[in-house]
Amino acid sequence: MKRRYFLGAMMAAITTGCSKLAETKPVAALLESSDDWHKAAHRLIGGRYSLAREFPPEDISPFFRGNGTIQPDSPKYLAHLANGFADWRLQVGGLVERPLSLSLAELHSLPQRTQITRHDCVEGWSAIGQWTGPQLGGILALAGLQDRARYVVFRCADRLGGDEYYESVDLIDAFHPQTIVAHSLNGHPLPVRNGAPLRMRIERQLGYKHAKYLTGIEAVESLDWIEGGNGGYWEDRGYHWYAGI
Ligand SMILES: Nc1nc2c(c(=O)[nH]1)N[C@H]1C(S)=C(S)[C@@H](COP(=O)(O)O)O[C@H]1N2
Ligand SMILES: [Mo]
C-alpha cells in the first residue's frame, strides 16, 4: 500500500476508533455519571485511565538490562536478525474487521509516541528507558475491532523452557495512551536483549506483561483457549494476569 493512502486510511480509522472507544461502557459510564467534574478528575487520577509517571532524560538508566529471553535462538529469528529485520512483519488478526500485516516501515509511518518510563520487574529490579513507537490503540483502530473482542493477545518469537512466550491485556490497557508497540529504546532500534525489533510497552503494568520479540497481535473474546488459558506465559505458571501498577 502506498504510504499516503495508508496514512489516510489510518487517520480515518483512528477517528472512528476513538469514538468507538468512547462508546465502550466504562468510559461512557465514567463520563455520564460524573455530574461534578471533581469526581471524574479524582477517578481519572487514581483509576486505570491515568498515565504512568514519565521522567526527564537525565533519569534514563545508563544500561537497560535484559530479562527472560535475551537472545531468541530459533533459526527463523536468527535469519531475521542477520537480515536487519528487513522482512519482519507484525500480524494483526483475530476478531478484527481488517487483518493487517505491518512492516517496520509501516509502523514507523504511523504517528509516534515517545515516553520515558520506569520498568518494574517482579524479580526486584527497575530501569528507566525512553521508548518510541506507535500507540497500540491506533493500530487496533486501523484494523477495526469486532464487537465481541474483549482482550488483545501478544505473540512472541521466543520460547522459554520450550513454550512460546505470550501475553494479553484487556481493552482499557490496549487503548491506554502509553501502550505502544516500541521499536526504539533511547533513540536507537531495540537491542536484541530488549526485544528487537518490536516489543510492547504497557506502562501501567509490571514487566512481564511487556511482550518482547512481538510477531502478532490478536483480538479475542476469551483467553480460555489460548495456551494454558491464563492469559500469559507467567500467568500459566501462577503469576497474576492483572499486574497493574
Ligand atoms: N518475549 C518475551 N517477552 C518478555 C520476556 C520474555 O522472556 N520473553 N520477559 C518479560 C519480563 S519478566 C520482563 S521483566 C521484561 C524484561 O524486559 P527487558 O529484557 O527489556 O529488560 O520483558 C518481559 N517480556
Ligand atoms: Mo520480569
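How many residues surround ligand 1, and which are the closest? Let's look at this predicted model one view at a time.

**View 1. The residues around ligand 1.** Here 22 residues surround ligand 1, and the closest are Arg65, Asn67, Asp158, Arg199 and Lys212. Sorted by class, this shell holds 9 nonpolar, 8 polar and 5 charged residues.

**View 2. Polar atoms that meet ligand 1.** Start with the side chain of Lys212: one of its N or O atoms is 2.5 Å from an oxygen atom of ligand 1. A nitrogen atom of ligand 1 lies 3.0 Å from a backbone N or O atom of His210, and a polar backbone atom of Arg193 is 3.3 Å from an oxygen atom of the ligand. On its own, ligand 1 would expose 540 Å², and the protein buries 99% of that.

View 3. The largest share, 3 residues, comes from β5.

**View 4. An open sheet with β5 in it.** Follow the 5 strands in the order β2-β1-β11-β5-β6; their pairing is mixed. At the edges are β2 (100-103) and β6 (163-170), each pairing on one side only. On average, neighbouring strands are turned by 20 degrees against each other, direction ignored.

**View 5. β1, β2 and a helix on the sheet.** Strand β1 (residues 89-94) runs antiparallel to β2, joined by 4 bridges. Find Val92, whose bridge partner in β2 is Leu100. Helix α6 (residues 136-143) packs on this sheet and touches β1, β2, β5 and β11 (214-220). The direction of α6 makes about 135 degrees with that of β2.

Note on methods
Residues numbered from 1 in each chain as written. Chains lettered and ligands numbered in written order. Predicted model: local features only at pLDDT ≥ 70, side-chain atom pairs only at ≥ 80, totals over all residues. Heavy atoms only, no water. Near = heavy atom within 4 Å. Polar contact = N/O pair within 3.5 Å; in protein donor to acceptor, adjacent residues only side chain to side chain. Areas by Shrake-Rupley, 256 points an atom, 1.4 Å probe, with all protein chains shown as cover. Helix = DSSP H or I, 4+ residues; strand = E, 2+ residues; numbered from the N terminus. Nonpolar A, V, L, I, M, F, W, Y, C, P; charged D, E, K, R; others polar. Pairing = 2+ DSSP bridges. Axes fitted to C-alpha atoms, helices over the stretch in contact; angles between N-to-C directions. Contact = heavy atoms within 4.5 Å.
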